[in-house]
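Colleague: Before the discussion begins, please put the model on display.

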Amino acid sequence: MSKEPTLIEAHNLTVVYGRKPALWNVDFEIPGKQVIGIMGPNGSGKSTLLKSIMGVVEPTSGFTKVYDQDIDDVRDRISYVPQRQDIDWDFPASVWDVVSMGRFAQRGLFKRLNKEDQDIIAQSLDKVGMLSFSKRQISQLSGGQQQRVFLARALAQQGELFLMDEPFAGVDISTEEMIIDLLKEMKEEGKTLVIVHHDLHTAQSYFDWLVLLNTRLVASGPVSEVFNDKTLSDTYGGKLTTMSKITQVLENKEFPIRHK
Amino acid sequence: MSFGAEFIDYLNYNYTLLIVTLGTGILCLASGVVGTFTFLRKRALIGDVISHAVLPGVTIAFMLTGVKDPLYFILGALASGLVAVWVVDMVQKHSKLKPDTILALTLSVFFGVGIVLLTRIQRSGNAAQSGLDSFLFGKAASMNVLDVQLFGAIALINVVCIFIFLRGFTLLSFDEQYAKGLGFKTGWLKTFLSVLTVLTVAIGVQAVGVVLMAALLITPAAGARFLTNSIRKMLLFSGLIGAISGIVGAVISSTGTGMPTGPWVVVCLSVLAFIGILFGKEKGLIARIRLRNQNKTKINNENVLKALYKMSDDGQSSVNLNDLKKHDSLESLPVQTILNGLRKDDLLELVKGQVVLTEQGRIASREIVRKHRLWELYLSKYFQLKADHLHDDAEGIEHVITPEIERHLTQLLEYPDKDPHESEIPY
Amino acid sequence: MNDFYVILTASLVAINCALMGSFLVMRKMVMIGDAISHAVLPGIFIAYMVSGVTTNLVVLAGAALSGILATVLIEWFTKKVRLQNDASIGISYTLLFALGVILISRYGQKVDLDQECVLYGDIELTVLNIREIFSGFYLPSQSVVLMAVLAILLLAVILGYKGLLLTTFDPAFAASAGVSIGVWHYVLMSGVSLTTVVSFDSVGAILVISFLAGPPAIAYLLTERLKTLLFLASGIGVICSILGYYLAKAWDASVAGSISIVIGVSFVLVFFAVQLAKRKQSVISLE
C-alpha cells in the first residue's frame, strides 16, 4: 500500500484563528489510492486540516501540497464535501441545483453547462440513489439525504482526490452503508479518499491510513501501525493539558505563535 | 427693561439650560447602565429595533390625546417598543427567516408607520406638533423643566432596578441556561430587562432621537468593556460615558440653531468609547501593542542569554563580545542594545570586550535552556514531528512557558535529564 | 403623469432593492445592509457639496464608497479591536450617520438637503426634475439614474449569478473550487451601497431597509427557488410601491413610509397564510 508515491504533503503547517492555533506545526506525507481517516477530539483541527489542504483557509505559516503541486494548480482534480451542518438547508434551491454546483467548479462561473454536464449530474445523483429526488427542495431532505446530495455534488466534480468533512455525522444506517459501498468502489477505481471521522469503533474497518490530530499531529501512518492504545490516549487523553495551557498563554498574552 | 430684570432673565435662562443639560446627562447615564446588559447579551441590534420602533408609539399617543404630555409619550413608546420585541420573537419562532432579516424588517416597518403618522400630523398643520420632530434626532432644549424631572426620575428608577436585580441580570447575560438550572425565573428576568430597556429607550429618545438611540445603549458599554473586567465597574464607566456625552451633546446643541442633540451625543460617545478602546488597561489596543513589545524584548533577552549559556559552558567562562554577535541564533538582532538592557538588570557584566554572566544571569539562562529542551522532549514524546522541526518549534515556545507550565511538564516527563538530541537538561 | 412618474421611481427603487436584498437575506447580512444605508450619509452629503445634484452617476458611485467604508470599519472593529459583531455594527453606523446629520444640519441649507429627508426621502419631488429622453418623451432624472443602476445590477446578477449563488449557499465549497469569497462579498456590498445611495432621494436612509428586507423576505416564504425568489421579490416590491403610493395620497402622508407600511402588512398576511397552510398540511399528514 505505502509503495504509492506521496499524494498529500503538509510541511510545518500552522493555522491560527484570531490568536488561537487550530493547527500547529503539522508535518506529514500521505500516499494516495487509499482511504485516509483524519481523527481527533472536538476542536482538534480536523476540519481545519481539510480546509487548508483544499486551500479554503490560508495557512499562517507552512504549506500543503497535493500531487506535489500548489493547490491552485490541481483544484480540478479534487472534490470537496464540506460539513453538512455548516449549510443553511432552508436555502431556496433544489437537489439538482446543488449538484450542478459541482460542475461550476469544473466549468468556471461564466460558462453555461452543456449536455455532458447534465449527464454527469444525473449519473452522480443516480450513484447516491437520489436521481428521483432531483426536483426536491433541499429543505425537505433528511440528514442522510442531504449527505447524499453533497456526495453527488462531489462526484459531479469528477476529482481523483475526495476530501470529506464528517460524511457519517448524523446519517441513517442505510446512508452510512451506501457511503461505505461508494468508498470501496471509488478506492477500487484508484481514487484517494480523505475523511474526517468521529467514531473510533469504525476507524479500523473504514480506513487504510490514519491521521491522529490534536491541534498538533499525534500520529500519521497505516492504521495497523498507528491505531493503538498509546496514540489514542495521546490524542484523546488528558495528557495534552500542557498544550492547551500553552495556547491559553499565547492567546491572552499576545505572544507571536512562531518566533522570528 | 431694567438691568435687574435682564439679569434675572439671564439667570432663568441659564437655570433652565442647566436643568435640561443635567437632565439629558441623567437620561444618557441610565441608557449607559441599562445598555450594558444589552451589550453583554449581544443584543445590540435588538436595541436598534426598539429605538426605531418607539416612534409610532409616540405619534399615536399624540394623535390620541392631542397634547404633548411626556407621560403619554412614554406609555406609547413603551407599548410599541414591547410590541416590536414580541413581533421579532414570534416571527423568529414561527418561520425559516433568519434573525437579521426579521430585525431589519421590524425596524423599518415600525419606523415607516411612525413616519407616515408624523408626516400626517405635520401636513394637517397641528401647531403643537413642533415638539414631535425632536423625536427624530433629539433636541434637549425642547424639553421643559417638568419633562426633565419626570424623565430624570424614571431614569433613576431604572438604574436602581438594575442594581437591585444585578445578580440575576448578570447571570442571565453570562449563561442563560445555567441561570435557568439554578432555578432563576429567566423568563421573568428577561421580560423585566426588556421592559427596563424599552423604558430607557422611551426616555432616551427625548435626548438623542429614535435614529441614534441605539448608540446610546451600545457605545458606552462597548467602551467600558475595554476599561474593566468587573461588571460593576463596567456599569459605572458605561453610565459615566453616557452621562458625559449627554451633557456635552446638550450644551453643543443649545449653542446653535438647527443643531440636533443626538448626533453630537453620538460623536461624543464614540470619541469616549474610542479612548477606552485605545487606552483600556488590559484589552486596549495600546496595552496590547505594549504587551507585544514587551514580549519581543523578553524573547530577545532570552535568546541572547541562551546563546551565552551555550557559549560559556553553563555560564562558567566569559564570552568574547564579537563571537557572541556572530552567533547563528542572534543574527539580525541588536545584540549590543539587548546586552545593555541585560546589564542594567544585573544579569551580566561587560569587561574589556568579554561578556560574563552574573549568578542571576546564570540562573536565568539555565532556565531558558531547560524550557527549550523540556519542550523538545515533550513534543517528541507525544507528537509526531520530524526531529529537525523540534528545535524551531521550541525556539518559539520556550518564551511562553510559565513556571507553572514548566512544573507541569517536568512532572509529566518524570524529571528527565536528557532532551531528544541527547543534550543535558539543566536544573 | 405625475402619478406615473412617482410610481415609476418607487418601482425602480423597489426592484433594485429586491435584487440586492434577496442576496442579503440569503447571506444573513440584512443588518449589514442597514448599516450601509445609514453610513452612506456622509458620502451623499459630500456628493451634494461637490456636484449640487444627485443625478450624476459618477458622483453617486463616489458616495457609495462611504457605505463600503462602513463594512471595512465593522470588520476592523470585529477583527482588530475584537469587539463582538453586533456591537461593531451598532457603533460603526451610528457614528457615520451622526457625522452625516451634523454636516447636513450645519451646511445643509447650502446644498438644499434637509435633515428629515435623510430619514424618509421625498419621492414626490422627483417630478420637479424632468428630463427629455427623446423628442416628446420625458422621464424624471431620478428614474433615469435608477434605470442605469438597475442595468448595472442586472448585469452583475446575471453574469455573477453562479458566483453569488455559490458563495452564498456554501462559502467553503466555493473557496475549495477556487472562487474568491472576498471578491463576491465586495461585489455585493458595492451593489448594496450604490442601491442605497441612488434610492436615498426617494426613500431616505432608513426606509430603504424595508425595501431591502421586506419583498425578499415575503418571497422567501413563498418560493423555494432562488431565481423565482429574485423575480417574485421584484414583483412584490413593485406592487407594494403602487399600493403604497395611493395609500399615501389618500392619507396625505409620506410615500416611502406608506410603501413601508404596505410591505409590512403584506408580510404579515403572507406570514399568517403560510402558517395556516402549514397547519392544514400537518393535519392532513396526521390523518
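Predicted model: local features only at pLDDT ≥ 70, side-chain atom pairs only at ≥ 80, totals over all residues.

Colleague: What is the radius of gyration of chain C?
Modeller: Along the principal axes, the C-alpha atoms of chain C fill a box of roughly 65 × 50 × 35 Å. For 287 residues the globule rule gives 19 Å, and chain C lies close to that value, so it is as compact as a globular protein of that length; its radius of gyration is 19 Å.

Colleague: Among contacts in chain C between residues at least 6 apart in sequence, what percentage join residues at least 24 apart?
Modeller: Two residues are in contact here if their C-beta atoms lie within 7 Å. Among the contacts of chain C that link residues at least 6 apart in sequence, the share joining residues at least 24 apart is 71%.

Colleague: Which element gives the most to the side of chain B that touches chain C?
Modeller: In total, 46 residues of chain B are in contact with 49 residues of chain C. The elements of chain B that give two or more residues to this side include α2 (44–65), α3 (70–94), α4 (99–123) and α12 (261–279). With 16 residues, the element that gives the most is α4(B).

Colleague: How do the residues on that side of chain B divide into nonpolar, polar and charged?
Modeller: The side in question is the one that touches chain C. Its residues comprise six charged, nine polar and 31 nonpolar.

Methods. Residues numbered from 1 in each chain as written. Chains lettered and ligands numbered in written order. Helix = DSSP H or I, 4+ residues; strand = E, 2+ residues; numbered from the N terminus. Nonpolar A, V, L, I, M, F, W, Y, C, P; charged D, E, K, R; others polar. Rg over C-alpha atoms; globule rule 2.2 N^0.38 Å.
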